[in-house]
Amino acid sequence: MVYLKVGQKIPLKIKKMGINGEGIGNFKGQTVFVKGALPKEEVYSVITKAQGRYVEAEIVNINKKSRQRVDPACKYYEECGGCQIMHLEYSAQLEFKRDILKQSLQKFKPEGFSDYELRPTMGMKEPWHYRNKLQFQTRQIKDKVNVGLYAENSHRLIDIKDCLVQDQLTQSIINTIRNLISKYKLPLFDERRSQGLRTVMVRHAMKSDQVQLVFISSKNINLDRISKDLVAEYPQIKTIALNINTKKSSEIYGQHTEIIWGQEAINEEVLDYEFSLSPRAFYQLNSMQTNVLYQEAINALDVSENDNIIDAYCGVGTIGLAFASKVKSVRGMDVIAQGIDDAKKNAENLGFDNTHYEVGQAEDIIPKWYKEGYRADAIIVDPPRTGLDDKLLDLIVEYKPEKMVYVSCNVSTLARDLVKLSQVYNVEYLQSVDMFPQTARTECVVKLTRK
């Protein structure tokens, strides 16, 4: 096998795409990952990273183009890095998202994986302007205020004024905030001095048309004038909050969040019920596809009126509350206290008296409930990208609820977790749902039944 070196130029035939949306080819026994290349393309590329068997390259020239290649519509696409596959036509994006699920299963090899039913990815009619939440960084670049995202693998902030996957109202509001920061000379975060505004979060509840703003700063700042101007221009704004984060790390939020104007939460709706969202509470980023995702979770769990359900990683209770009218009880937990407060309020507002929510780790709370005599017939898990905690996996395998639904936002950690879950569960099917068009990410609903 020939070992490639940085700067070396080579021809490649691209065989497939990897989980990050990169093209994959082979040169004299070495696998090469090529950003932006598509299957069936022939490219001339230059090696940018070579660490033993792991080699990355960039396209110098495309000698033979894929029929599925399209011109990216976004002017920031090449430098931003927020989207990875905008150069691939949308129908092919959906096929790719089913394929990366298959690749992950082949890598981790959970029991019986070759016989799993992988259903076609459920996509959007209009795969643009779908993100209901925006989190942009703010920095002073010479005399100019930049508000946007960092270029991939860098500390260079891209000033973004028209993101094509972002909800248009949130983009309009952040553009206004950029101008107001300059107008009122708000102190901005400096990585050496760590003083001032560092991030702005804008969330738009699509059903109610209500908007929530959170300014994240390394110190207390006066937002009275900017708040007054924003509320006057955008009547949809119902909440403005200030979060203080003094840490010199990549964490976005600090522990303390204060409502400085307006109401505690905004209202959103999924399926046929309404719920509240506090500034720190988690909710899916694509409101339209969330209805599809949660309906698939309901279909997969197939509950009866005598079932007791545990909703791990419950957030504001959205998935579990979809079952509350159909089952005996729903219990949920989450580590974010604001989310649990919202879950309790949402259940009360919906008139449910068969729900119970606690703050804490699932691996700590579920054993406590079992000791108290609570037995789950079904469990829903919707973990972060890191997948299920090892202790929680062990608990599920030990307690073996009869039915389980795993909602995943990371195909790699899903496939890894299925290795252990498949010891006690049959994997009935996997249904991928495209929550993030133009990106390499996908969500997946997995139906599991006890062996």
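**Terms and the values behind them**

Mentor: Asp334 has a relative accessible area of 13% and is buried. The model is a predicted one, in which local features need pLDDT of at least 70 and side-chain atom pairs count only at pLDDT 80 or more, while totals for chains, interfaces and linings use all residues. Residues are numbered from 1 along each chain as its sequence is written, and side-chain values use heavy atoms, with hydrogens and water left out.

Trainee: Why is Asp334 called buried?

Mentor: Buried means under 20% relative accessible area, exposed means over 50%, and partly exposed lies in between, with a 1.4 Å probe and protein chains only. Asp334 stands at 13%, so Asp334 is called buried.

Trainee: How do you know that the side chain of Asp334 makes a polar contact with the backbone nitrogen of Gly315?

Mentor: A polar contact is a pair of N or O atoms within 3.5 Å; within protein, one must be able to donate a hydrogen and the other to accept it, and residues adjacent in sequence count only if both atoms are side-chain atoms. The side chain of Asp334 reaches that nitrogen of Gly315 at 2.9 Å, so the pair qualifies.

Trainee: What makes Ser287 buried rather than exposed?

Mentor: Its relative accessible area is 8%, and therefore Ser287 counts as buried. Ser287 lies in helix α5, residues 287-301, where a helix is a DSSP run of H or I with at least four residues, a strand is a run of E with at least two, and both are numbered from the N terminus.

Trainee: Which residues touch Asp382, leaving aside neighbours within four places in sequence?

Mentor: Contact means heavy atoms within 4.5 Å, and on that basis Asp382 is in contact with Gln284, Ala312, Tyr313, Ile319 and Val407. Asp382 is placed in the loop between β19 (378-381) and α9 (390-399).

Trainee: Why does Asp382 count as buried?

Mentor: Asp382 has 13% relative accessibility, and so Asp382 counts as buried.

Trainee: Which positions does UniProt list for "binding site"?

Mentor: The unreviewed UniProt entry lists Gln284, Tyr313, Asp334 and Asp382; UniProt positions are given in the numbering used here, feature names are shortened, and annotations may be inferred rather than shown by experiment.
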